Amino acid sequence: MRPATIPALTIAALLVAVSPAAAADETPAKILFSKVDDPAPLAARSIGFYSRGCVAGAKALAVDGPEWQAMRLSRNRYWGMPELVAYIEQLAKDARTLDGWPGLLVGDLGQPRGGPSPTGHASHQTGLDVDIWFEPMPDYRLSADQREKRSALSVLVPGTHVELDMKKWPEGLERLIKRAASYEEVERIFVNPGVKKVLCERAGDDRAWLRKVRPWYKHDDHLHVRLRCPPGMQGCRAQDAVPAGDGCGDNLAYWLGPEPWKPPPKPKKPPPPPKEIMLADLPAACTEVLNAGRSDVASPNAPPLPPVRPASTN
């Protein structure tokens, strides 16, 4: 008896049928999320952690506002939770009317559905992060080309890690950062350690806001604002609370010293390339976020998005 055979056409059909899922399994999440141009048509939800998550129902920041202009439009990273967009709009208005700041140049928020980006960020994945340039908005509208080619203004002395060139320090920058930290929804703000040092020196007696401003690598040309998880949002993972105090003591001294900037020991053999973040590494609900409303993918058997939990009254 001859063994049963499967017609070649049937084999080809099977391969075509399974190839999209197989491709998704083998494609880094940063590629999958960066190829989607629109937000997930779902209720707004921040899912996972800032550096390992996604966002449903994201809202776009208008590229031009009365007190802000969005930069690097080709990246399509002007999307975030509605709370983040509202924060940027309020900060821009308050900074101009209360502090005399001319307006914000807004860098990256996140991709339409969040997730890992192919360049530039480890975080900015859950719709709760935004970069705001140190340079104030000019008194004219930048062209699309200018928004791509204009570089953010670093306040560092070239070749140093924390030494600032104060001639580059924009007038009123410390007031902008203080204003940015003043809102309850702000979890923390990352700046270069040299910038934090200047803020500590100029803060005066009102120092409570300094606690939120944390020194970190780079961040010498922008402040990175991070919002808290919205109240009652199940599935959004909070970051550990910032330490008590104004952060101007031992922690800052560490960052201003040589230790953070020492190069790692040279390995005896070339290290393996960093492991890519795959879709399976993200919260399960991110599969639904990635595929929602898209005609080019089959509906996945993904767990539903977590429900909204009532806000605590404590």
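User: How many aromatic pairs does a search of the whole structure find?

Analyst: Ten. Rings of Phe, Tyr and Trp (its six-membered ring) pair if their centres lie within 6.5 Å; planes under 30 degrees apart count as stacked, over 60 as edge-to-face and the rest as tilted. This is a predicted model: local features need pLDDT of at least 70, side-chain atom pairs count only at pLDDT 80 or more, and totals for chains, interfaces and linings use all residues. Residues are numbered from 1 along each chain as its sequence is written, and side-chain values use heavy atoms, without hydrogens and water.

User: Why is the pair of tryptophan 216 and tryptophan 255 called tilted?

Analyst: The ring centres are 5.4 Å apart and the planes stand at 55 degrees, so the pair is tilted.

User: What makes the pair of tyrosine 254 and tryptophan 255 edge-to-face?

Analyst: Their planes are at 80 degrees, with centres 5.8 Å apart, so the pair counts as edge-to-face.

User: Why is tryptophan 255 called buried?

Analyst: Buried means under 20% relative accessible area, exposed over 50%, partly exposed in between (1.4 Å probe, protein chains only). Tryptophan 255 has 7%, so it is buried. Tryptophan 216, at 41%, is partly exposed. Tyrosine 254, at 40%, is also partly exposed.

User: Which residues form one aromatic cluster with Trp216 and Trp255?

Analyst: Phe190, Tyr217, Tyr254 and Trp261.

User: How do you know that arginine 226 lies over the face of tyrosine 50?

Analyst: A charge sits over a ring if NZ of Lys or CZ of Arg is within 6 Å of the ring centre and within 35 degrees of the ring normal. Arginine 226 lies over the face of tyrosine 50, at 4.3 Å from the ring centre. Arginine 237 lies over phenylalanine 49, at 4.2 Å from the ring centre.
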